Amino acid sequence: MSKTKMTAWVVFAFVIIAFAVSVALKGALVTVGAFLTLFIFSFLYKDNPYYKFAEHLFVGVSAAYWMCMGFWGTMVPNLFGKLYPPMVGGVLPALKDNPAEPFMIIPLILGILLLMRLAPNAGWISRWALAFIVGTTAGLNLVRYLRSDFIQQINNTTFSLYISSAAGFDFGQTMSNIVIFIGVLCGLIYFFFSKEHKGAFGAGARVGIIVLMVTFGASFGYTVMARISLLVGRMQFLFGDWLGMIK
Amino acid sequence: MANNEVQNQSLIEKLQLIDRRIIFVFIACAVVIPLLVGATMEEETTPIVQAFFDYVENLPEDSRVLLSFDYGPTTAPEIQPMADAIVRHCAERKCKLYMMAVWATGHNLTGETIVNVLNPEFPDYKYGEEYVNLGYKAGNQGLIRLLLVDFKRMYSTDAAGTAIDSIPMMENINNLKNFDLIVSFGGGFPGIKEWVLYAGDPGNVPVGGGCTAVSAPLLYPYYPNQLIGLLGGAKGAAEYENALITAYPQYENKRMAGMSLMVSQTVSHMVIIFFIIFGNVLYFLHRSKQKANGIEGGQS
């Protein structure tokens, strides 16, 4: 037996023993969570079978969870429970006496058409249902994005550049508004390519680049904060729930 | 002299190629040590969080607050403290809490808040009269759009399968316009943005949010006209907890999840900043040495 194989078997034996001890001391649920966390963390050292196992398990469990939640939370009460209420009487007695809604046959048919994608020779039929989804989503989004993300955002940037309150001139709010106004204006200038970026226009574009860089920096900072929060969450679980070292 | 320079240069090169796993160890220590010590850190509440807090604080008794848990376990360490703090605050204000989720994973996390916060800290809160768990429904923004028109069309039962019409607090709920405040916890899709676009703006319903730090910069432009306030990441949670403790001193001795995150956050950020400065200093030292030795480009 090669040295690498021997090491792998030793590590495997250690994991099994540690798992058994942990189950005995802390219970199965916490132990499984803790070991899966450690398996994922092991990728920081290098790629390994334990990481692969945890990764694949996560993908599989997530997919199954979403499917089950979608089925029992939406399809059963909102499709079958409306199409033929007595059908769901066993699991949702509250709905069994509701009147049937025959029009719910339309989403059922569209759903079946979508599943035709699984049939090699009839996959093209799923495009009809997909076209319906794309069309309705595009129509819904077009109106709402135009109103809330375009017109309303212009409105949000339209404000006074001189703010005064009962206490007098509000320097902080005035500066904040000026920075937003200049930032939006210069950002727009940077993305205006129909005129050469020269002279005063070019200076505006350069300020626009600075604004964009500050934005990217802030986004990166926030991303770091988010990732550290997740790490803290896992560490709280490992050292608190599992090892009991955090009071 | 020349020998010395070669030795110095090789040390800089070695440090530039430092194993990333050493940095991981530093970050791990920066995160774990403050947790083991049990340090917490107060955060000064910023105007965007204070505005949210003030809005909830000024809600009259029995106001209807819709809480949408639009996140999963992967972002729970950031979002759960926000959800817990806002639920505490709403319960202190004696609001009626309607809990739902547009994320399947949010359904279980709603239960976490009910079990860990609402039930032990507010035992007088009765299910069906003061709070209800409506559970998850699929449909993303389509679901929100439908709820704006007809709430009970999608929610014919609560999460436990009880008929919606038999729940007393659902009596006068017909659509989203019947709520005094909508709060979305999340930041992904669907999340706060969809609540603003498909419920807040068209229905003229106040919307507040608590989001992951990653998505916070994309949501700030909606404040203050389209969002009453926003809690961005763990810092936002800690700020809200600070405002809560200031207004309700009974929470002073309670361990707040958001605040306990912030010491680890601060220390690990300092470590990251140190490594960024350290890496840049090494880079410029290396480049100046190369220039001194007549090598152009400055890249190793």
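Of the 91 residues in the largest nonpolar core, the ones touching the most other members are Val65(B), Ile182(B) and Tyr240(B). Such a core is a set of buried Ala, Val, Leu, Ile, Met, Phe, Trp, Tyr and Cys residues joined through C-beta atoms within 7 Å. This is a predicted model: local features need pLDDT of at least 70, side-chain atom pairs count only at pLDDT 80 or more, and totals for chains, interfaces and linings use all residues. Residues are numbered from 1 along each chain as its sequence is written, while chains are lettered from A and ligands numbered from 1 in the order in which they are written.

**Around Val65(B)**
- Leaving out residues up to four places away in sequence, Val65(B) touches Cys90(B), Tyr98(B), Phe179(B) and Leu181(B), among others (contact: C-beta atoms, placed from the backbone, within 7 Å).

**Helix 2 of chain B**
- Helix 2 covers residues 20-37, and its end C-alpha atoms sit 26 Å apart, which agrees with the 26 Å that its 18 residues should span at 1.5 Å a residue (1.5 Å times one less than the number of residues; helices are DSSP runs of H or I, at least four residues, numbered from the N terminus).
- Ala30(B), Val31(B), Val32(B), Pro34(B) and Leu35(B) are buried here (20 or more other C-beta atoms within 10 Å of the residue's own, with C-beta atoms placed from the backbone).
- The buried residues of this helix pack against helix 7 of chain A together with helix 11 (257-292) of chain B.
- Just after the helix, Gly38(B) takes a positive phi of about 85°.

**Where the chains meet**
- The contact takes 43 residues from chain A and 48 residues from chain B.
- On chain A's side, helix 7 gives the most, with 17 residues.

How values were computed
Two residues are in contact if their C-beta atoms, placed from the backbone, lie within 7 Å. Helices (H or I, at least four residues) and strands (E, at least two) are DSSP runs, numbered from the N terminus. A residue is buried if 20 or more other C-beta atoms lie within 10 Å of its own, exposed if 12 or fewer, and partly exposed in between; C-beta atoms are placed from the backbone.
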